Amino acid sequence: MDIRMHEELAAVWDDFEADESLWVAILTGAGDRAFSVGQDLKELAARDAAGTAGVSTFGSRGKPGWPRLTERFGLTKPVVAKVRGYAFGGGFELALACDLIIASDDSRFALPEARLGLVAGAGGVFRLTRQLPYRTAMGYLMTGRRMTAARALELGLVNEVVPAADLDACVDGWVDDILSCAPLAVRAVKEAAAASAHLPLSDAFTTAYPCEEARMHSLDAREGPRAFAEKRPPRWNGR
């Protein structure tokens, strides 16, 4: 991922957030070799040699493409990572920032930044230690070791692992299931889960969540029970 790619991705996520006709995104890599192997280190080395790289640390504020997906904390639409092949460094961090991860059985995950004198600054340090047991996460962060898709599934880091030939169909099934749900309900679930993760349970119940405020007063909140009573599929409109 180079500077140009970050800038182009930012425009894509801006469009996705703004377009109410888009209810879910799928993030994947081109081809079958890699989901993403992260930062373009050759570009970074060239910029460093030219004195234009600056320092790198946690986050991308002030850098091209900000806010990147890894820092779009207010994005409430669901994002699904379809991973085939290598998901290393910033590529793994992108997957960790998604809501669901579906992987082919030949996928490999790693955060090798420490081996390069860097840190997993796009959220890897923070997300992996929240999504895995602490010592398990630290084992991968402090060594750069690779994780197989089977191990990622075993640890609960991915939702499903299938043969590469079945990956598209599997992801389509997950997306179909998401789209069978009311879009405002899905967004309310995502927002509330993220915002309440570190709240005491009693506070989680009493906190106001904007997406839930929108859902509870929406037409879709009435459509669901009506469709059930009338024994027909609901017709969601996101309002």
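User: Which strands do the buried residues of helix 1 pack against?

Analyst: This is a predicted model, where local features need pLDDT of at least 70, side-chain atom pairs count only at pLDDT 80 or more, and totals for chains, interfaces and linings use all residues. Residues are numbered from 1 along each chain as its sequence is written, and side-chain values use heavy atoms, with hydrogens and water left out. Helices (H or I, at least four residues) and strands (E, at least two) are DSSP runs, numbered from the N terminus, while contact means heavy atoms within 4.5 Å. The buried side of helix 1 packs against strand 1 and strand 3.

User: Within what arc do those buried residues fall?

Analyst: Buried means under 20% relative accessible area, exposed over 50% and partly exposed in between (1.4 Å probe, protein chains only). In helix 1, His-6, Ala-10, Trp-13 and Phe-16 are buried. They line one face because, going by directions from the helix axis to the C-beta atoms, they fall within an arc of 125°.

User: Which exposed residues sit on the face turned away?

Analyst: An α-helix has 3.6 residues a turn, so residues three or four places apart point the same way. Turned away from the buried side of helix 1 are the exposed Arg-4, Asp-15 and Ala-18.
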